[in-house]
Amino acid sequence: MAGQTIVEKIFSEHAGKLVYSNENIIAAVDVVMATDGSGPLTIDLYNKMAGKRVFNPEKVVMVLDHYVPCPNDKVAALHDSMRAFAQSGQCQLLELGEGICHQLLPEKGYVKPGNLIVGGDSHSTTYGAFNAIGTGIGSSDLAATMISGKLWFRVPETIKIIIIGQFHKYVTAKDLALYIVGKLGANGAIYKAIEFAGSAVGQLTMDDRMTLCNMMVETGAKCAVMPGDDVTQAYFKSSVGFVASDDDAIFSDSITINLDNLQPMLALPHQVDNVSTVELHEELSVHMGILGTCTNGRLSDLRLALEIMGDAPLAPGFELLVVPASRQIYIEALRQGLIEKFILKGAIVLPPSCGPCCGSSPGIPSSGENIVSTANRNFIGRMGNVNSNIYLGSPATVAACAITGKMTCPGR
Amino acid sequence: MLYRGKGHIFGDNINTDYIISSRRKRDTLNELELSKYLMEDIDPKFAARISPGDFIVAGNNFGCGSAMEIAALVVRGAGIPVILAKSFSRTFYRNGINTGILLVVCDTSKIKPDDMIEVNATDASTQVIVNNSIYAQTLPLPETIRTIIRCGGLVAYMCKYGDFTGVF
């Protein structure tokens, strides 16, 4: 038998037979997730499909995270439809203020190595950090999967990304993610999987791995997976088995990236693959900063931002929005005094949620403003104003800009 | 299935936020209502310009970004039955199939505005005819996808079969 990649192995396990890239298969899924962006339509379609009961209510999770707090009566009705579905015993519900789906699924123990998880949100690729497959699907697929517990897939070819070297100080996994998106382009991994490998993987924290796997959907990838190692083992506390590629697995492409050469990176307006270095854009006026989202709203991100800001207050007129990715992170940040520091600097702390990332929750920029954000997308109008410009960068870069009011290399 | 329509040309990486902005989804999820705002952030007059039955012709990676099915539904709501593109984002591709839009992957670079396009999708192949001459011919889709398309989308498929096992 030919060797397999991690993704081929996980799909084989869930299809109940050996499968290889480019095969169309039916596979059982471990968890189905929907948000308030995709859940209401999913419930509607579930009813249209004459759904009677979900395959396993313990494995269907709905998360209210995009519209927090609820902005109007129409969304309130959508939220209520999800609550009613949960009350009828069809799913687990994570309420407003609990946090972002991609932070909560791992936090609440839904994600295990070797899992196949489908989510009603493109950034479901995040679960790859845990040596699992996470992939985004739409509401019809969600509804059908909720009924059958299975879905059709094409087993993707895998691009191997080998990471070597060491991060310079204040260069982060986000900079690496942006670099990869720039290198592959917005469709460089379309229909494919990405598997990370190389000597530098061991120095990536679980937070780093989540950031990286999260952003890989911006290359068009179906999923992005990390190998399992001591770092993964430590996260799960109890002993878990991992899925590893065979030595003779076939990859469609292999790319090596040396972290020694990596600098703080930016995605310039209005495409995520429009990537440049922060250094080339210093002196650009920046009016607003977003620190949060499923890409970079974790405790380590908040801590890094404060380390960069030191004792400095926000630059005059600079608006910094801080959005912890989950309630657990929020509480921990409070306990450690991080939230107080942000507030004393003049930042606005928003409830755990997707926040202003896609304009669904408050935090809409003004016309003509330049925003530096730790989010994952910078499309025109993404944050709710077509006349604003979104630059994507690391938490360190956002923090550096917040105290100068200009595009600034962290640690400068 | 035979479709005939006029193409509206778009470039690469048309993302789901451009297809329908998130701020519009706060007010309604009705695809007909939302179709008035199709592509508004990149072409505010587009929705007013199209007629039901028109096609979208795009470059690479059409529908990248969000996995939300509403983007495909809004295209359907505007009465657009066919999208031709050099490639589709995989989430939009699935959502298109599931909502009954015919997605054709081919080199679209030689199709011009106002060209009359004919698409003939059979179990054997999908043929694209532009201005009365054969423009592209693609391999048949996998049986799974053909079965869903034949049903008219995933809702109708699930009503008929109720599962994925034992169907193909």
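**Helix H7 of chain A.** I looked up the burial of helix H7 (residues 206-215) of chain A in this predicted model. Nine of its ten residues are buried (20 or more other C-beta atoms within 10 Å of the residue's own, C-beta atoms being placed from the backbone), so the helix is largely enclosed by the rest of the structure. Among these buried residues I noted Asp207(A), Asp208(A) and Arg209(A). The buried residues of H7(A) pack against helices H4 (101-107), H6 (173-184), H9 (293-296) and H10 (299-309) and strands E9 (193-197) and E10 (223-225) of chain A. Contact requires C-beta atoms, placed from the backbone, within 7 Å; helices (H or I, at least four residues) and strands (E, at least two) are DSSP runs numbered from the N terminus.

**Basis.** Residues are numbered from 1 along each chain as its sequence is written, and chains are lettered from A and ligands numbered from 1 in the order in which they are written. Local features need pLDDT of at least 70 and side-chain atom pairs pLDDT 80 or more, whereas totals for chains, interfaces and linings use all residues.

**Helix H3 of chain A.** I then listed the buried residues of H3(A): Val75(A), Leu78(A), His79(A), Met82(A) and Phe85(A). They cover an arc of only 115° around the axis (taken from the directions from the axis to the C-beta atoms), which puts them on the same side of H3(A). They pack against H2, strand E3 (60-63) and strand E4 (92-94) of chain A. Gly89(A), which follows H3(A), has a positive phi near 85°.

**Contact of chains A and B.** I found 46 residues from chain A and 40 residues from chain B in the contact. H5(A) gives the largest share of the chain A side, six residues.

Definitions and conventions
Two residues are in contact if their C-beta atoms, placed from the backbone, lie within 7 Å. A residue is buried if 20 or more other C-beta atoms lie within 10 Å of its own, exposed if 12 or fewer, and partly exposed in between; C-beta atoms are placed from the backbone.
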